[in-house]
Amino acid sequence: MTMAKDRPLKGTRLKKDYPEDYVCIDLETTGLRPSSDWTIEVAAYRVRAGKVTGKYISFVRPGELSKVSAFITKLTGITKEMVEDAPLPEQVFPELFEFVGNDVILGHNVSFDVNFMYDGAERAGLTPISNDFMDTRWISKAMVPELPNNKLGTIADHFDIEVVTAHRAAADVETTVRCFEKMVMGRDAIIE
């Protein structure tokens, strides 16, 4: 049995009273283990009352290029060549954390992303992010219990939201923002 890693500074998942202002985040990674896999792409959109007011998007050079496997390339479309000259985590995470500021983080299955940001920051010798977060996967379980599953594509289909691309950070952020705004706030997101 594997013990969950202790992340004492990790924020709390909000279960109600969702704010209108937040930053939606998505990461693409080389695998599923934050302690041994690497972030290869990040996207963060600042949202104010349903409108995207800022974006941060970057590839990230993993500590081990060999971790960008054929499977990861097939899943995400991200190749070793796309990330080999990208900024290192030591540069990306401080920029990302500054962009996020004190905002609540939104994401789909967001604990995955928060854990990767936390462990990636620690690995880079940085203070981990500690913002509270909201998870559209858990929100959909409560608000749309009739769905057959809580995948992002299923939620998007339910709300007639077009999914242009899956498993790319910026596209997944846009889909997540649109789903959250429709599901929780009852409005269309404004993304330019």
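This briefing describes the surroundings of one threonine and the nonpolar cores of the structure. The model is predicted. Thr 76 belongs to helix α1, which spans residues 70–76. The largest nonpolar core contains 25 residues, and a second, separate core contains 21 residues.

**Thr 76 and its surroundings**

- Thr 76 has a relative accessible area of 6% and is therefore classed as buried, since that term applies to values under 20%.
- A polar atom of the Thr 76 side chain lies 2.8 Å from the backbone oxygen of Ile 72.
- The Thr 76 side chain also reaches the backbone nitrogen of Ile 78, at 3.0 Å.
- When neighbours within four places in sequence are left aside, Thr 76 is in contact with Glu 28, His 167 and Arg 168.

**The largest nonpolar core**

- In soluble globular proteins, nonpolar side chains tend to be buried together.
- Within the core of 25 residues, Tyr 22, Met 134 and Val 177 have the most contacts.
- Two or more residues of this core come from each of β1 (21–29), β2 (39–48), α6 (152–158) and α7 (169–185).
- Helix α7 gives the most to this core, with seven residues.
- Apart from neighbours within four places in sequence, Val 177 is in contact with Tyr 22, Cys 24, Val 47, Leu 106, Ala 189 and Ile 191.

**The second core**

- The separate core of 21 residues includes Val 42, Phe 93, Phe 99 and Val 114.

Methods. Residues numbered from 1 in each chain as written. Predicted model: local features only at pLDDT ≥ 70, side-chain atom pairs only at ≥ 80, totals over all residues. Heavy atoms only, no water. Helix = DSSP H or I, 4+ residues; strand = E, 2+ residues; numbered from the N terminus. Buried < 20%, exposed > 50% of the residue type's maximum accessible area, 1.4 Å probe, protein only. Polar contact = N/O pair within 3.5 Å; in protein donor to acceptor, adjacent residues only side chain to side chain. Contact = heavy atoms within 4.5 Å. Core = buried A, V, L, I, M, F, W, Y, C linked by side-chain atoms within 4.5 Å.
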